[in-house]
Amino acid sequence: GMKPRKSARRLAAADLATPAASLVRCAELPWFPFLSEGVQLKLCRASLATGELALLVVPLPAGLAPHYHHGVFVAYTVAGHWRYRESGWVAGPGDVVVEPAGASNAFEVVGETHAEAFVHLAGALEFRDEAGRTVCIENAETLHGRYLAHCALHGLQPVDVTGGFPR
């Protein structure tokens, strides 16, 4: 018979090391400001190895500045309504938006109530000004750092949000 290639054996070994599913108790996690006081995040999970993030976001009514997704982005709308300025749709409670890597958009809240979404994304978010110049790049490492800094500033014991993803 044929011997498995080394890469196949390595993949099989990697499968054995896959972390188990983990429960995130969101009520135990603090909201913290993101880029401005009006945008709040609750970081549920951050993989510093793969760049994957799972988080809740409550944006300003004005939304988020134009940004570019380096990886796949999936958002489940928990409350309120929102859209991308350049889209013809409005997402409401229960709607899911899936974006491929390489998408650029500007997020805005629709209506008078706040919006809240659960987001899973891979890779960085690159925020740009109206001329398309990069203003800042946010990723799992920077958001994890913001979370830890917020906890330290407010005397909160941080929860390990890096569990459940490969480190």
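Strand β4 and strand β10 (residues 125-128) run antiparallel and are joined by three bridges. In this predicted model, β4 also pairs with β8, again in the antiparallel sense. Both pairings belong to an open sheet of five strands.

**Pairing around β4**
- Strand β4 covers residues 64-69 and strand β8 covers residues 104-110, with three bridges between them.
- Leu64 faces Phe107 of β8 as its opposite residue, and Tyr68 stands opposite Ser104 in β8.

**The sheet as a whole**
- The strand order is β6-β8-β4-β10-β11, with antiparallel pairing.
- The edges are taken by β6 (81-84) and β11 (134-138); each has a single partner strand, so one side of each is left without a neighbour in the sheet.
- From one strand to the next, the twist averages 30°.
- In a regular strand, side chains alternate between the two faces of the sheet.

**Nonpolar surface patch**
- At least two residues of the patch come from β5 (73-79), and at least two come from β7 (96-99).
- Val98 is found in strand β7.
- Val98 counts as exposed because its relative accessibility is 58%, and the cut-off for exposed is over 50%.

Definitions and conventions: Residues numbered from 1 in each chain as written. Predicted model: local features only at pLDDT ≥ 70, side-chain atom pairs only at ≥ 80, totals over all residues. Heavy atoms only, no water. Pairing = 2+ DSSP bridges. Helix = DSSP H or I, 4+ residues; strand = E, 2+ residues; numbered from the N terminus. Axes fitted to C-alpha atoms, helices over the stretch in contact; angles between N-to-C directions. Buried < 20%, exposed > 50% of the residue type's maximum accessible area, 1.4 Å probe, protein only.
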